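Student: Can we go through this one together? I'd like to start with the ligand and then look at the cores.
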Amino acid sequence: MHLDSWAQKAKQMGYRSRAVFKLEEILHTIKKIKNNSIVLDLGAAPGGWSQFVKKKYPNSRVYSIDILDMQPIDGVSFFMDSIENISNIEPIWKLKGDFDLVISDIAPNLTGINAVDSENIFELNKLTIEVASSFLKTGGYLVIKTFQNSMLKSLRKDMELSFKIVQTYKPAASKKQSGEIYLYGEM
Ligand SMILES: C[S@@+](CC[C@H](N)C(=O)[O-])C[C@H]1O[C@@H](n2cnc3c(N)ncnc32)[C@H](O)[C@@H]1O
């Protein structure tokens with residue numbers, strides 16, 4: 001499909017972002033998410049991924065965080081905060097160790113200076129992996145967006161310390177030139 005068509009398709013289906021099709025493809029490949037999952041969406045705004053999870057798995061409980069505000073989604077509990085403060089969000093903190101799936105599309109603001117951006121992405125991704133490994137239950141899954149840069153290898157190694165399976169995905173809906181890539185981990 002032509003890349004602009006993904007945006008059109010998202011609009012037609014009432015999704016807030018075309019990023020949903022990347023998540024859909026990854027979750028379809030994994031084939032392991034159950035309908036009654038407890039899901040944590042990190043960097044959720046404007047809400048496409050949360051919308052998709054709630055639609056695809058209607059019995060799931062979805063908790064979402066972003067530093068930016070987000071329009072409400074039925075059945076999704078949203079918290080406007082940084083993932084650095086996740087332990088202060090009581091409803092999420094209470095479920096520590098119970099989450100079945102953590103999804104992270106988190107991306108920092110880009111400065112345009114490659115070295116700085118790579119470092120910022122790496123630090124935020126490392127924090128995401130830390131959060132996921134302490135909030136997921138044994139056997140839970142993480143899908144995290146990152147970028148193909150000099151730190152990717154190191155990030156993957158970091159993930160391998162807490163996840164027994166780690167795989168890389170480049171979904172068809174992801175622009176080739178974007179450099180984005182997704183890591184999948186199984187605890
Ligand atoms: C690409 S967008 C997410 C799009 C979303 N998955 C969707 O489908 O609508 C990345 C988000 O990460 C958020 N973000 C960046 N740093 C964050 C942090 N420290 N804590 C929480 N969210 C953060 C940004 O505010 C932004 O909304």
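Student: Which residues come nearest to the ligand?
Tutor: Keep in mind that this is a predicted model. S17, G47, G48, D66 and D105 come nearest, out of 20 residues around the ligand.

Student: What is the distance from the D105 side chain to a nitrogen atom of the ligand?
Tutor: It is 2.8 Å. The atom on the D105 side is an N or O atom of its side chain.

Student: How much of the ligand does the protein bury?
Tutor: The protein buries 86% of the 610 Å² that the ligand exposes when taken alone.

Student: New topic. How many residues are in the largest nonpolar core?
Tutor: It has 30 residues. L40, L42, I92, F99, L142 and F163 have the most contacts inside it.

Student: Which elements supply at least two residues of this core?
Tutor: The strands are β1 (38-42), β2 (61-66), β4 (99-104), β5 (136-147) and β7 (180-186). The helices are α5 (114-135) and α6 (152-162).

Student: Which one gives the most?
Tutor: α5, with 5 residues.

Student: Back to I92. What does I92 touch?
Tutor: Leaving out residues up to four places away in sequence, I92 touches L40, Y63, I65, F79, I86, F99 and F135.

Student: What about the second core: which residues does it include?
Tutor: That separate core has 29 residues, including W6, L27, V53 and I73.

Key:
Residues are numbered from 1 along each chain as its sequence is written. This is a predicted model: local features need pLDDT of at least 70, side-chain atom pairs count only at pLDDT 80 or more; totals for chains, interfaces and linings use all residues. Side-chain values use heavy atoms; hydrogens and water are left out. A nonpolar core is a set of buried Ala, Val, Leu, Ile, Met, Phe, Trp, Tyr and Cys residues joined through side-chain atoms within 4.5 Å. Buried means under 20% relative accessible area, exposed over 50%, partly exposed in between (1.4 Å probe, protein chains only). Helices (H or I, at least four residues) and strands (E, at least two) are DSSP runs, numbered from the N terminus. Contact means heavy atoms within 4.5 Å. A residue is near a molecule or strand if one of its heavy atoms lies within 4 Å of it. A polar contact is a pair of N or O atoms within 3.5 Å; within protein, one must be able to donate a hydrogen and the other to accept it, and residues adjacent in sequence count only if both atoms are side-chain atoms. Accessible areas come from the Shrake-Rupley method with a 1.4 Å probe; for residues, only the protein chains shown count as cover.
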